[in-house]
Amino acid sequence: MKMKAVNTPVRKKDAMALVTGKPVYTDDIAPKDCLVLKILRSPHAHALVKEVKKDAALKVPGVEYVFTHEDVPGTRFTIAGQTFPELSPYDRLILDQRVRFVGDAVAIVAGKDEASVNKAMKLIKVTYEVLEPVLDFTRSKDNRVIIHPESDWSIPVGLEPDKDRNVVCHGIEERGNAEEELAKCSYVVDETYHTKANQQAMMETFRAYTHIDVNGRLNVVSSTQVPFHVRKTLATALEIPKSQIRIVKPRIGGGFGAKQTVVCEMYPAFVSWKTKRPAKIVYTREESQIAASPRHEMQVRVRAGADENGKIQAMIVETLSNAGAYGEHTPTTIGLTGAKTLPLYTSNAKAYKFEFEGVYTNTQAAGAYRGYGATQGTFAVESAVSQLAEKMNIDPIRFREMNMVREGDIMHAYHGETANACALDRCLERAKQMIGWDSKYPCRDMGNGKVRSVGVAMTMQGSSIQQVDVASVSIKTGDDGFYNMQIGATDMGTGCDTILAQMAADCLHTEVDNIVVSGVDTDVSPYDSGSYASSTTYLTGQATIKTCETLKKKIIEAGAQMIGCSSEDAEFNGREVFVPGTDQKVSLKDVANAAMCGSVHTLEACEKSTSPVSPPPFMAATVEIEIDKETGHIELIDYCAAVDCGTVINTNLARVQAEGGIAQGIGMALYEDVVHSKAGKCYTDSFLQYKIPSRLDTGKIRVEFESSYEPTGPFGAKSIGEVVINTPSPAIAHAVYNGTGLRFRELPITGEKIVMGLKELEKDTGK
Amino acid sequence: MKISLWINDKLIEDDIPADTILLEFLREKGCYSVKRGCETSNCGLCTVLMEGKPILSCSTLALRAEGKHITTMEGLQEEAKEFGEFLADQGGEQCGFCSPGFIMNVIAMTRELEDPTEQEIKEYLAGNLCRCTGYQSQLRAIRNYLEMKKGAK
Ligand code: FES
Ligand code: FES
């Protein structure tokens, strides 16, 4: 296929609307007469709600309703936005009598405006029976405090859950005898790493509005990545059939996984369904910090062993994950800590083992954040690999070259998939050249109390969830021959509406502008499991190509009939159906218009895709930092990344994805940390305490593409959305070690920790 | 309390509670480009111009604008479009939620600074957070835009 639109920097279709500030987001289009909702939240990490006195609140002018756990349906559900089979526990109610973290919902207050609702919130008197909380996730299993004692807790497909021991999931995967092989290794590292919860901190906080339509159905307009799963969750939570619910997604102000969870939609949905009045909720930044869906805090132990020749022969990863108060996404994220790390090094190893366990605690429930477990695992495994190289006195890049997965290798730890398209070797070489590794490794003393050092890391992710995710696309031909394209995947700013139109344009030999893409509306869009798991470009891209092929056939058939020839003899070039070598032809315009009148030709197609494999994108990165040994301050000098996402569909959007993901990873490495008090109160409840990188903090980020060609991918493409966030933590930690001799196994690596560490080091060496 | 001010050169008179925040007031008046991203004056999404100078409308009382000229992106469509084309050509508006506040500040910067260095650009715009892009594409857009402006002179 000739690529005209694919692999070019086409502007996003909505770009000009966005840069001129048009009202396209949820709160811009919410009706003015919505009831405004606020959630009264628990001040205790673990308690039972004994009594809620609401009379005074209801007397505030403008306040109309206060709902508590006594008012809501009693069916438990999960807010994880995942398709079937569902692995997350049904452990939530819209409002529960038992509150399980500081910030858990106690009551919904609804009124005509924010001021009156805020006033009413202060007047509600709640009596709690305060219970002992479990805050430390390493002490949760078999704790005498049980976080989910309820008997109606259930899980559609469980991975060895044991809720009476606070265990959400557990599992082991092994190939060969890893312990035995590890014991035989000449060089072994055995280290434990600790990554913290991080907030996605998308600029548009969680929000949705709801109303009842002319047919009495519940309509939800929501800033979500997973419209079809919002529908599913609401149907379960409200105990109503899915046919009664419609979800519409407008433009979204960022998601990064946060909006793969149904964080806020159930509140206005419940209120609208109950009162038949429009309702809206807009989370404050504070709420988005304390009662949202952050990255899982994890403890990852890595044991890696190499033989005397520097070949890695055994690797063991053991992950403990902190689910927080509810289990959404816990059984699924955790698997990636092994599945997206072990395969980088174990294709030719003798054995590996992966063991995982997720546990409940009385902290904010974790969810999906870009990278989805792979990020945490990558920090641990890449750090351990660098340490193993050091132990063997081999350059860390050389050591990776000796051990990494290469094209054609079987990745046993990755569902046994073969690396059919893998340019990781080229990526690593490129990242090495970009930074000038050989002249900079390990560090240079700048002579002013500052030292410049370099670090390296590499990573992989997936492209959709193999044999699970589904994507569908439907395209119809309009009169005069333009196209309407409907996708169920959500564009969350990532530009998938444009990227998929680029693919369709090339398949139908037309211009991107001739393809109109509609945002998701569950009433009309074809089913899609959603924009997550790096699935959109790859899987929805596949569906796009299939749909275009079917549509082309139909256009050729209709055209051939008009010409009066057999459709086998006719071809389509985007403008006309013609018979090669003759002057017989009919224009697309005429074909399309003929279909509008006295015709049986349906010039539309809908095809679906699911993939037996999830081809991994790969990435290698090197970083140069400058450490001020006096203050511990780290300055990013240069971040060099080489990415293999297969064919790059939109060169601009892919680059910006990579730069943005790296910046988020830098935040995770250096300062982002969800911190709680001893009583479980979240301290990092605003951008004052929870710092995300500003443009002064990110330094120079350089991204280059080293493309492989993925045979199953659309135009050879793999994914890019998630892989880009994984390398900063291990690469920066490695650079810090190379500059200071301090090995950080806990994130974030703050200046304070560096100064303290250097003091310790001085003491130890008796300087 | 009574208030009268100019929003995008249109005289607006109203009676509002004394504690009305300018951000909410502007949205109320249909200026939906003005966004809120935080409650702590950290994100810059709410940037508007008061008498031509950038301010954070989230931490300004509406009454402070009494008798003043407030400009939002609704009133600067031409300039927004002019720079916006450069941003779009870099894919530097990912979700776009930060774009209005950011662009308002870029416009203010180009009015205020003659030929700013990279460091000056970064410092001027440091208060405009963006979670999507990692800032590099925005910088490329600004550089190209300034080049174009220089060439046009
Ligand atoms: S809303 Fe964040 S600075 Fe104004
Ligand atoms: S483009 Fe999304 S926050 Fe800047």
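Trainee: What should I know before I start?

Mentor: The model is predicted, so local features need pLDDT of at least 70 and side-chain atom pairs count only at pLDDT 80 or more, while totals for chains, interfaces and linings use all residues. Residues are numbered from 1 along each chain as its sequence is written, chains are lettered from A and ligands numbered from 1 in the order in which they are written, and side-chain values use heavy atoms, with hydrogens and water left out.

Trainee: In what order do the 5 strands of the open sheet in chain A stand?

Mentor: Strands of a sheet pair through backbone hydrogen bonds, either parallel or antiparallel. Here the order is E18-E19-E27-E28-E29 in chain A, with mixed pairing. Strands (E, at least two residues) and helices (H or I, at least four) are DSSP runs, numbered from the N terminus, and two strands pair if DSSP finds at least two bridges between them. The edges are E18 (443-445) and E29 (700-705) of chain A, each pairing on one side only.

Trainee: How many bridges join E18(A) to E19(A)?

Mentor: There are 3, and the two strands run antiparallel. Arg444(A) has Arg452(A) of E19(A) opposite.

Trainee: Which helix lies across E19 and E27 of chain A?

Mentor: That is H11 (residues 396-403) of chain A, at about 10° to E19(A). Axes are lines fitted to C-alpha atoms, for helices over the stretch in contact, and angles run from 0 to 180 degrees between N-to-C directions.

Trainee: Is Gln542(A) buried or exposed?

Mentor: Buried means under 20% relative accessible area, exposed over 50%, and partly exposed in between (1.4 Å probe, protein chains only). Gln542(A) counts as buried because its relative accessibility is 12%. Gln542(A) sits in helix H15 (residues 536-563) of chain A. Leaving aside neighbours within four places in sequence, its contacts (heavy atoms within 4.5 Å) include Ser609(A), Thr712(A) and Pro714(A).

Trainee: How many salt bridges cross the interface of chain B and chain A?

Mentor: A salt bridge is a side-chain nitrogen of Lys or Arg within 4 Å of a carboxyl oxygen of Asp or Glu. The rule finds 8 across this interface. Arg27(B) forms one with Asp27(A), the closest N and O atoms being 3.4 Å apart.
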